Amino acid sequence: MIKRLVVLIALAVSSAAVARADSISGFFSATGTDSFTSSTLTFAPPQNAVVAGAIGGTFATYLTDGNAITFATGAIPYVQGNNIPPSIQLFSTTEAGETFGFTVSNFNADFVNNGTQGCLTGNTCLTITGIGIFTGTGAVTYTPTPAQFQFTSQYVVGQPLATLTSFSASASATPVPEPASLALFGTGLVALVGIARRKLRA
């Protein structure tokens, strides 16, 4: 009986640790061109960005280095610190029959021009970290998955604001375990504690 319970609990732990099979997991990096001011960020032209560098998880099944990324068009307004923008798809990329899209829900922006926060003296830097949702449609329709996005861009000494410069970015998706699996995990632990108490009393 005890062995059976141990097996059931092991299965519960395994189920809780693994998120839904159709969730997106993994990461990829990107480079491209942009322009920014102290209050706006513009990806211009929007298609001038590519997957570049590390690719892992679900994304590695479809994406390859150099694949095009399409960013949102027009100027994206921001303020220093936390921002909660209207729901917009920040970027998407399609390859091997699958389209991944990232919709940002909120982000933190740091515009730096005083030689702090890792931005060299004389340079002007913009760093953005945000959270949102990744979707995947096409060959497989994935469950919308919580995700993170990081972006950095800078102007060097003598380079005026609002002119084209280059940026680097990375995105990652982290599935959330199913509530049913978590409930099963909790039930298994309670059962094991009960058995242990009875054994100790005996």
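By class, the lining of the second largest cavity has eight nonpolar residues, one polar residue and no charged ones. Happy to walk you through the rest, keeping in mind that this is a predicted model.

Let's stay with that second largest cavity for a moment. Its volume is about 40 Å³, and the residues around it are Phe28, Ala30, Ile69, Phe71, Phe91, Phe149, Ala169, Ser170 and Ala171. Two elements, strand 1 (26-36) and strand 11 (165-173), each give two or more residues to this lining. Strand 11 gives the most, with three residues.

The largest cavity has a volume of about 120 Å³. Leu41, Phe43, Ile76, Tyr78, Pro85, Ile88, Leu90, Val104, Phe107, Ile128 and Phe149 line the largest cavity. Here the elements that supply two or more residues are strand 7 (88-95) and strand 8 (98-112). The lining of the largest cavity is made up of 11 nonpolar residues, with no polar and no charged ones.

Notes: Residues are numbered from 1 along each chain as its sequence is written. This is a predicted model: local features need pLDDT of at least 70, side-chain atom pairs count only at pLDDT 80 or more; totals for chains, interfaces and linings use all residues. Side-chain values use heavy atoms; hydrogens and water are left out. On a 1 Å grid over the protein atoms alone, a cavity is a set of points where a 1.4 Å probe fits but cannot get out, and a pocket is an open set with protein on both sides within 12 Å along at least five of seven lines; lining residues have an atom within 4 Å of a point. Grid points are joined across faces, edges and corners, and a volume is the space filled by probe spheres set on the points. Helices (H or I, at least four residues) and strands (E, at least two) are DSSP runs, numbered from the N terminus. Ala, Val, Leu, Ile, Met, Phe, Trp, Tyr, Cys and Pro count as nonpolar, Asp, Glu, Lys and Arg as charged, and the others, Gly among them, as polar.
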